[in-house]
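Subject: Structure for your review

Dear colleague,

Please find below the structure I promised to pass on to you. I would be grateful if you could read the notes with the model open beside them.

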Amino acid sequence: MTAQPQQLTLRRPDDWHIHLRDDEMLNTVLPYTSAVNGRAIVMPNLVPPVTSVAAGEAYRDRILAALPAGHAFTPLMTCYLTDSLDPDELERGFTSGLFTAAKLYPAHATTNSSHGVTNIASIARVLERMQKLGMPLLIHGEVTDAHVDIFDREARFIETVMVPLRSQFPALKVVMEHITTQDAADYVAAADETLGATITPQHLMFNRNHMLVGGIRPHLYCLPILKRNVHQEALRKVVASGNPRFFLGTDTAPHLRHLKEASCGCAGVFNAPTSLPAYATVFEELNALEHFEAFCSENGPRFYGLPLNEGTITLVREPWQVPESIALGSHALVPFLAGETLNWRIA
Ligand SMILES: NC(=O)N[C@@H](CC(=O)O)C(=O)O
Ligand SMILES: [Zn+2]
Ligand SMILES: [Zn+2]
């Protein structure tokens, strides 16, 4: 029997999928991400979305202005694709170093996606340009057809969108964001090095029973929705395998408590305060701590073609209780695993 490690020191991680929002919310949530990560891919689904170089620069400036003193953190900005985005605008943002990637939201797939893409044909020129530039395409992979069951939307997306898109643009670098199914894990694992995927802590720790049995838990509701247990197991297996094309992307997505605990609650899990200890818990449960650092700090930058971070972060085995809520003005945010005890704490 090997002794349990008492601490884990790893290269400073990055978070390849986050929502920082804006204004007071940005000020409240950013420090949880910037305290831990060297960089993060910032989602562009503001209202209105970030669809131009000017909007991307202004948003980056607001993020940098909200950064606490002493946090060495670089926001990696993304451009929200619409049917009418001009490829020249996107190229200008990429070559100037502002935009790291572009984000494809199928119209109406998720929170703030009403301006999203209605069909891939309408963005063919943009994808052509991205392929030429080596600019990664990040995808929320769910079909939106009203008749497709919410639990089938990711698997259906692979057949109907991913496969034709990747055969039309075989050299395009694509990240399937926040994957939730065995179908996606298998599809990405079988693909070549142009395809990667992020996985959230909630999809590794939970399945739909945790969200729905014995009462509905709105703070586990996110999109793509938690799936059945076999899918959770498939995601756990793929991260435990150490496959380098899977990497950390928390999809931390804060919504005010009263907008989640509502008759029509918002989708999104605010996991920035607990995500790294949560991932560590999962890797330890899987006896896969040997792959933990690569998942957090190496696979992502290698996929994106960026340097690895300098410096380290240490987690110590020290039980702590996650706060029940975090104040935001007169409102509150409920963090992922609120009230629960985690065994790993960031030193
Ligand atoms: N994941 C979510 O459930 N919500 C995200 C949007 C997204 O990433 O799809 C949000 O912006 O709130
Ligand atoms: Zn999404
Ligand atoms: Zn997201």
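Predicted model: local features only at pLDDT ≥ 70, side-chain atom pairs only at ≥ 80, totals over all residues.

I begin with the zinc ion (ligand 3). Its protein donors are His-17 (NE2), His-19 (NE2) and Asp-251 (OD), at 2.0 Å. Along the sequence, these donor residues follow the spacing H-x1-H-x231-D. His-17 belongs to strand β2 (residues 15-18), whereas Asp-251 sits in the loop between β9 (246-248) and α10 (257-260), so this pair ties together parts of the chain that are 234 residues apart in sequence. His-17 is buried, because its relative accessibility is 1% and the cut-off for burial is under 20%. Asp-251 is buried as well, with a relative accessible area of 6%.

The geometry at the zinc ion (ligand 3) is classed as irregular, because the angles among the four donor atoms run from 93 to 137°, while a tetrahedral site requires all angles to lie between 85 and 135 degrees.

The zinc ion (ligand 2) lies 3.8 Å from the zinc ion (ligand 3). On the protein side, the zinc ion (ligand 2) is held by His-140 (ND1) and His-178 (NE2), at 2.0 to 2.1 Å. His-140 is in the loop between β6 (137-139) and α5 (153-168), and His-178 is in the loop between β7 (174-176) and α6 (182-190); the two residues are 38 residues apart and link distant parts of the chain. His-140 is buried, at 0% relative accessible area, and His-178 also counts as buried, at 2%. The site of the zinc ion (ligand 2) is irregular, with angles of 53 to 147° among its four donor atoms.

I turn now to the sheet. Three strands form an open sheet in the order β1-β10-β13, with antiparallel pairing. Its edge strands are β1 (7-11) and β13 (341-346), each of which pairs on one side only. From one strand to the next, the twist averages 30°. Five bridges join β1 to strand β10 (residues 312-321) in the antiparallel sense, and Thr-9 stands opposite Thr-314 in β10.

Two helices lie across strands of this sheet. Helix α11 (residues 275-285) lies across β1, β10 and β13, and runs at about 110° to β13. Helix α12 (residues 292-304) lies across β1 and β10, at about 25° to β1.

With kind regards

Definitions and conventions
Residues numbered from 1 in each chain as written. Chains lettered and ligands numbered in written order. Heavy atoms only, no water. Pairing = 2+ DSSP bridges. Helix = DSSP H or I, 4+ residues; strand = E, 2+ residues; numbered from the N terminus. Axes fitted to C-alpha atoms, helices over the stretch in contact; angles between N-to-C directions. Contact = heavy atoms within 4.5 Å. Donors = N, O, S within 2.8 Å, 3.2 Å for Na, K, Ca; no water. Tetrahedral: all angles 85-135°; square planar, octahedral: opposite > 155°, others 65-115°. Buried < 20%, exposed > 50% of the residue type's maximum accessible area, 1.4 Å probe, protein only.
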